[in-house]
Amino acid sequence: MDVEDIEIQLFVRAMQLRHGHDFSEYAPASLKRRVQQLVRTHDTGTISELNRRVLHEDGFVGSVIEGLSVPVSEMFRDPQVFRALREKVLPVLASYPQINIWQAGCAQGQEVYSLAILLEEAGLYDRSRIYATDFNDAALAAASDGIYAARDARDWSRNYLDAGGTVSFSDYYSARYDFIKLDKRLRRNVTFFNHNLVTDVVFCEAHLILCRNVLIYFNNALQDRTLGLFRDSLVRGGFLCLGTRENIDFSPAAGGFTDVDNALRIYQAGGTGARPLTR
Amino acid sequence: MSGYDAIVVGCSAGGLAALQRMLPALDATLRTPVIVCCHTGSADVSLLVELLRRTSALPVVEARERAPIAGATVHVAPTGYHLLVEDDLHFSLSVDGKVAYSRPSIDVLFETAADAWRERLVAVLLTGANSDGANGLAAVRRAGGHAIVQDPDDAESDVMPRAGLDVAGADACLPLDAIAPHLNRLCL
Ligand SMILES: C[S@@+](CC[C@H](N)C(=O)[O-])C[C@H]1O[C@@H](n2cnc3c(N)ncnc32)[C@H](O)[C@@H]1O
C-alpha cells in the first residue's frame, strides 16, 4: 500500500477517534483529493503533519470540516428540476395544511432560497417550513446571511427564468458593490441547523426532501443508509429529489421509492411498483 | 494478454472532431474501457454521446455514477461533474470546484485513473485551448503508465498538447491519425 494511502487511513481514524467525525464511508477518490487539498491550504507538506494538527490543535477541526465539505452550489441549478418541482410536486404538497421540507446538505443555502422562491410564487410559503441542514457550520452561517457574489446573479437569473420563474429574479435581492443579498423575508420560515447525515437521526416528518449532490460523496453502504433515513423521515407519498446524475440502482433502500421523474431524480416514498435493484 | 487495462482520453477545443476521427479507427474487438473527458460548452453531454455513437467502433455511453467500468465501451464524462475512477474500478462523480478552470477536469480523471490502474493505463491528450490534463498526464507517467500526446502541429488547438509535453513529456507524440492504430497495438 502506498504511504499516502496509509496516511489517509490514519487521517480518517484521527477524525473519528478525536472528533467523532466519520469519513470512513466516503467515496475514497474524492476524499483523497480533498485531503490533498487540505495539505496545500494549510501548507502542512504531508498528510501526517495534517494529522498531527488534527490530533493536537484545538479548533483546527473546524477548518478541516470546511475543507472536506466543499459547499459548491448555485441557485436553481438544473432549472428543469426546479420546473418539475414547481409543476409536479408543489401541486401535490398544496393538499397538506402544513408543509415540511428538509434540505439536506444545503451548502451555502443557494437551493434553500431557490425553494423558498418557488413556494412563495406558488402561494404556499406561509404554510411551509424548510429545515436546512449541513455539517459545515461556516456554510450554514453563510447560508443564513444569504449574501453571494454579484457575478453569479446573471447565471442564476437565467436559471430562475428557465425554471419557470414568473417575475424578475432581481426582485428577490438587493445589490451592493460586488454582492447581492437575498431578501430576508425569504428566510422567514427557514431553520438552519447542523445535522450530520452519517451520525444524526430523523428529526421531522417531511413532505419533501431535497438532497442534491451530497450522496455522490458517499460509498454504496452509506448512500443506502442515508436513503433509509430519508424514507423514514418522509410521509407516505412524500417526495425525494436527488442530483440529476445520481444513481440509486445499487441501494436496497431505494426499493422504498417509486419514480416520479426518473431522468430528474425525483421519487416518491412508498407507492406501488417498488424500484428494482440492480446487482 | 495486452499490457494495458484502460485508456483515458482528454481534449477540449476541437475535441469533438478529433474524437470523431479517432474513435472509429479503434479496433472493434478492443476489451479495454475508453474513458473520455471532453470539455463541452453545452449543459448536457447527451448530444456529444449521440454524435460520437454514430461513428465509433465501440459503443458510447455517458459514464454512470457507481457503475462498474465496463470494458469494450467508450464512457464520456457528464457535463458539470468531475469524473473519478475509484480503486475498485467503478466511477464516482463530484461537484467540487473547477480544476484548471474546468469541470469535468481531465487532471481529475487522469490522476484518479492513474491511482487505480497504475502502470496498466494509457492516457491520450488531444487538441485543446487550455492546459488541463498536463498535471494528470504527469501523474500517469509517474505511476508508470503510457502517455500519448497529439502532435501540437497537427492539433486544431495546440495549447493543451504543448502543455502536456512541457509538464509531463510523452511516451509517444503522434499525429491524430496515428493514435488509434498505436492504441490498437498497445491494447490488443
Ligand atoms: C456539493 S454540496 C451540494 C449543494 C447543493 N445541494 C447543490 O447540489 O448545489 C454538498 C454539501 O453536502 C454537505 N455534506 C457532506 N457530507 C455531509 C454529511 N455527512 N452530513 C451533512 N452534510 C454533508 C457538504 O458540507 C456540502 O455543503
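A:Ile6 counts as partly exposed because its relative accessibility is 38%. The model is predicted. By the rule used, the count over all chains comes to 29 salt bridges.

**Surface patch in chain A**

- A:Ile6 sits in helix H1 of chain A, which spans residues 3-19.
- Together with A:Met1 and A:Leu10, A:Ile6 makes a nonpolar surface patch of about 330 Å².

**Domains of chain A**

- Chain A is assigned domain 1 (3-68) and domain 2 (79-269).
- Taken over C-alpha atoms, the centres of domain 1 and domain 2 of chain A are separated by 29 Å.
- In the contact between these domains, 10 residues of domain 1 of chain A meet 12 residues of domain 2 of chain A.
- About 1100 Å² is buried between the two domains of chain A, and carbon and sulfur atoms give 55% of that area.
- The rule finds 1 salt bridge across this domain interface.
- A:Glu25 and A:Arg225 form a salt bridge, with their closest N and O atoms 2.2 Å apart.

- The size of an interface is often given as the accessible area lost when the parts come together.
- Between chain A and chain B, about 2100 Å² is buried, with 42% of it on carbon and sulfur atoms.
- On the chain A side, A:Arg33, A:Ile216 and A:Arg245 lose the most area to chain B, together 34% of what that side buries.
- Each chain is represented in the contact, with 26 residues from chain A and 26 residues from chain B.
- There are 6 salt bridges between chain A and chain B.
- A:Arg33 forms a salt bridge with B:Glu111, in which the closest N and O atoms are 2.8 Å apart.
- This pair joins two chains, because A:Arg33 lies in helix H2 of chain A and B:Glu111 in helix H3 (residues 106-117) of chain B.
- B:Glu111 has a relative accessible area of 21%, so B:Glu111 is partly exposed.

**Salt bridges around A:Lys32**

- Side chains of opposite charge can pair when their charged atoms come close.
- A:Lys32 meets B:Asp115 in a salt bridge at 3.0 Å, N to O.
- A:Lys32 also has a salt bridge with A:Glu4, at 3.8 Å, N to O.
- A:Lys32 is in helix H2 (residues 28-41) and A:Glu4 in helix H1 of chain A, so the pair ties together parts that are 28 residues apart in sequence.
- A:Lys32 counts as buried because its relative accessibility is 10%, whereas A:Glu4, at 26%, is partly exposed.
- A network of salt bridges links A:Glu4, A:Asp5, A:Lys32, B:Asp115 and B:Arg118.

**The A:Asp78 and A:Arg212 pair**

- A:Asp78 and A:Arg212 form a salt bridge, the closest N and O atoms being 3.1 Å apart.
- The two residues link distant parts of the chain, 134 residues apart: A:Asp78 is in the loop between helix H4 (60-69) and helix H5 (79-93), and A:Arg212 is in the loop between E7 and helix H9 (220-233) of chain A.
- A:Asp78 is partly exposed, with a relative accessible area of 21%, while A:Arg212 counts as buried at 4% relative accessibility.

**Loop residue A:Glu205**

- A:Glu205 lies in the loop between strand E6 (190-194) and strand E7 (206-211) of chain A.
- A:Glu205 counts as exposed because its relative accessibility is 57%.
- Leaving aside residues up to four places away in sequence, A:Glu205 touches A:Asn100, A:Ser233 and A:Val235.
- C-alpha to C-alpha, A:Glu205 and A:Leu234 are 5.7 Å apart in space, and they are 29 residues apart in sequence.

Note on methods:
Residues are numbered from 1 along each chain as its sequence is written. Chains are lettered from A and ligands numbered from 1 in the order in which they are written. This is a predicted model: local features need pLDDT of at least 70, side-chain atom pairs count only at pLDDT 80 or more; totals for chains, interfaces and linings use all residues. Side-chain values use heavy atoms; hydrogens and water are left out. Patches are made of residues with over 30% relative accessible area and no salt bridge: like charges are joined within 9 Å, nonpolar side chains (Val, Leu, Ile, Met, Phe, Trp, Tyr) within 5 Å. Accessible areas come from the Shrake-Rupley method with a 1.4 Å probe; for residues, only the protein chains shown count as cover. A salt bridge is a side-chain nitrogen of Lys or Arg within 4 Å of a carboxyl oxygen of Asp or Glu. Helices (H or I, at least four residues) and strands (E, at least two) are DSSP runs, numbered from the N terminus. Buried means under 20% relative accessible area, exposed over 50%, partly exposed in between (1.4 Å probe, protein chains only). Domain bounds come from an automatic or database domain assignment. Contact means heavy atoms within 4.5 Å. Buried area is the accessible area (1.4 Å probe) that two parts lose on being put together, summed over both.
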